Amino acid sequence: MSDPVDVTVDADDESESVRIHDDGGEVEAGDATVRFSFSGTSDGGPVTGGDDEQSPDGNDDGNERRRIVDLDSVPTDSTLVFEARDGRCGVNCILHRSGDAVAAWRNSCPHQPEVLLDPGRGAIVRGDQLVCHKHGAQFEPDDGVCTHGPCAGDALDSIEVSVRDGDVYLIDERFERAERR
């Protein structure tokens, strides 16, 4: 499959969205598991996909695969979109900078997970809070907790990142690598 497909599964009070870069996949939310194949050849079992890509310099030490961007490229007045990948599945994420600290979250509103906080041109930042462009929900820049709006008290799904030597790296163990979108 040449173009990735976004898949969202809603079950009970839980939602899971992933970006699929293969001919099939598996998505879990709550007690629901959805397996699918775009090629029509799935045997119904889990779909696995190896990832043979290496870092641009040819070695596979993991550092370049987890490097997202240089710190100076992360805005303080908006967000930057990247994708956290695990095998052939990806999760749309955003970065936001406050001084030299950087926070990352899944790029979705807890109220309606299909609504992107950053639809591609940067999320709204009012004062120091991220704002959902659809619902007006406001989120703290450090922990992602909603302070106002329909999801008050809920928090954005945090993605672990760190800043080292002027670069931002994905350190969240749920993912193998990061890619700029």
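Helices (H or I, at least four residues) and strands (E, at least two) are DSSP runs, numbered from the N terminus. The structure is a predicted model, in which local features need pLDDT of at least 70, side-chain atom pairs count only at pLDDT 80 or more, and totals for chains, interfaces and linings use all residues. Residues are numbered from 1 along each chain as its sequence is written, and side-chain values use heavy atoms, with hydrogens and water left out.

The predictor's confidence in each residue is given as pLDDT, from 0 to 100. Its mean over the chain is 82, and 75% of residues reach 70 or more. Over residues 40-60 the pLDDT is below 50. This stretch still has 30 contacts (heavy atoms within 4.5 Å) in the model beyond near neighbours in sequence. Where pLDDT is low, the predicted coordinates should not be read in detail.

Of the 181 residues in the chain, 43% are buried; buried means under 20% relative accessible area, exposed over 50%, and partly exposed in between (1.4 Å probe, protein chains only). Among contacts with a separation of 6 or more, 44% join residues 24 or more positions apart.

A178 lies in strand β16, which spans residues 177-180. A178 is buried, because its relative accessible area is 9%. Beyond its neighbours within four places in sequence, A178 contacts R65, R66, R67, I68, F82, E83 and L170. E64 is 114 residues from A178 in sequence, yet the C-alpha to C-alpha distance between them is 8.8 Å.
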